[in-house]
Amino acid sequence: MAANGVREKPSAEEACGEDTVLSLQDVLEEDEALQDEACAVLGGSDSEKCSYPQGYVKRQALYACNTCTPDKEEPAGICLACTYKCHEGHDLFELYTKRNFRCDCGNSKLKQLECKLFPDKENVNALNKYNANFFGLYCICKRPYPDPEDEVPDEMIQCIVCEDWYHGRHLGESPPEHMEFHEMICQACMDRCSFLWAYTAHLAVPGVTRITPADTELDDVKVEDEPAEDVKAEEQKVESTNHLNSKEEGAEQTSPSTSAASEQKCDKDAKTGSTCKLQEYKAQQGLTMTTATYWTSNWRRKLCTCKDCMIMYTQLEVLFLVDECDTVQAYENKGKTAEAQERRDPLMTALSSMNRVQQVELISEYNDLKTELTDYLKRFAEEQKVVKAEDIQQFFEDLRSRKRRRVDDMQYYCS
Ligand SMILES: [Zn+2]
Ligand SMILES: [Zn+2]
Ligand SMILES: [Zn+2]
Ligand SMILES: [Zn+2]
Ligand SMILES: [Zn+2]
Ligand SMILES: [Zn+2]
């Protein structure tokens, strides 16, 4: 898989092989180019230790076990090390990477199995999110990958919001040619996060072919106006009979243009510091459609980070959009360079382990306390400790008692 989340359809031999699930081992043995890719997917994932003690890991290679949790059972996700040590020889679905997930191996979702690496787990990981991918099904058409019954050569692209994978031809608008985009957001997620439409004129790459029922016979492909979580529940049958231009060429990685980002920053600073970029763009009348959207590299840096927008992101559960370390690209780089780990934003790391209410509280208070809190969180990063919600509470309690003391002192001196 390339950095912009494009999975190429395997060749016919691979697709028709008796074992349709390509294990990482198969991939490693197959080809050196693929080996590089696989290493990138494993990124910072540890192959020896269960990732559970790290909590909800910002991004990790994740697997589902068809042997332990087959379809119709509770979905569960398993870390890389556990696939080696606890699910050896099992039928695994490789889910590539997912964000904010805590390993389920051996918890109540797996009825038979005890984790050999970290058995001391709580019953469930309440913040984990699951979709049909955990049963090996992808896209609005809910098909396996690779799909032995699908004759149409087509790539699969991962939506960076819901993290499901979609056929290029099932996205409402075909991906731009030569994959000149960095990230994709699917139709359902665009509906849910409709504020993004205001940004499309400035940061999105137009797709090539507008798919209309007239030229594709795809009248039955409909994405409902529902949150992504609900989409998974829908059994949407889609005929794979359309003949859109399919692309087999690899995805080109666009190198991050730092100049564009700094330009943008200056732009922002030059104007009255407090303006909300989103409101500005909204006033310019953006378009709203029912298609997926494709975004340039570094587009996330250009999203407004004013307090109102940050709270909106939190409520929509898309706060990760303004976290540069959230991208698959950043994760893959982490696998290649050790120092990338040190650049992790401590605030974002802390936020990713919290629920929404805690996040809103933290963001509201954070606005006034940026430096102090960042320094506090940095200490955790330096000591390689996981920040827990209690630690954040501790920070604010200390702060409050310091304030109180100051007030008390003043009263003392004045009396
Ligand atoms: Zn594990
Ligand atoms: Zn298993
Ligand atoms: Zn395990
Ligand atoms: Zn599909
Ligand atoms: Zn999506
Ligand atoms: Zn804003």
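Two strands count as paired here if DSSP finds at least two bridges between them. By that rule, β7 and β9 (residues 293–295) make a pair in this predicted model, joined over 3 bridges in the antiparallel sense.

- In general, strands of a sheet pair through backbone hydrogen bonds, either parallel or antiparallel.
- Look across from methionine 184 and you'll find tyrosine 294 of β9.

**The nonpolar cores**
- The largest nonpolar core has 44 residues, and those touching the most other members are Cys159, Tyr166, Met184, Ile185, Cys186 and Cys189.
- This core lies between domain 2 (146–304) and domain 3 (305–415), because both give residues to it.
- A second, separate core has 28 residues, among them Leu62, Leu80, Leu92 and Phe134.
- Leaving aside residues up to four places away in sequence, cysteine 159 touches Asp164, Tyr166, Met184, Ile185, Cys186 and Cys189.

**Helix α11**
- Which residues of α11 (residues 307–315) are buried? They are Met310, Tyr313 and Thr314.
- Viewed down the axis of α11, these buried residues fall within an arc of 100°, so they line one face of the helix.
- Asp308 and Gln315, on the other side of α11, are exposed.
- Just past the end of α11, glutamate 317 has a positive phi of about 60°.

Methods
Residues numbered from 1 in each chain as written. Chains lettered and ligands numbered in written order. Predicted model: local features only at pLDDT ≥ 70, side-chain atom pairs only at ≥ 80, totals over all residues. Helix = DSSP H or I, 4+ residues; strand = E, 2+ residues; numbered from the N terminus. Core = buried A, V, L, I, M, F, W, Y, C linked by C-beta atoms within 7 Å. Buried ≥ 20, exposed ≤ 12 C-beta atoms within 10 Å, placed from the backbone. Domains from an automatic or database assignment. Contact = placed C-beta atoms within 7 Å. Arc of directions from axis to C-beta.
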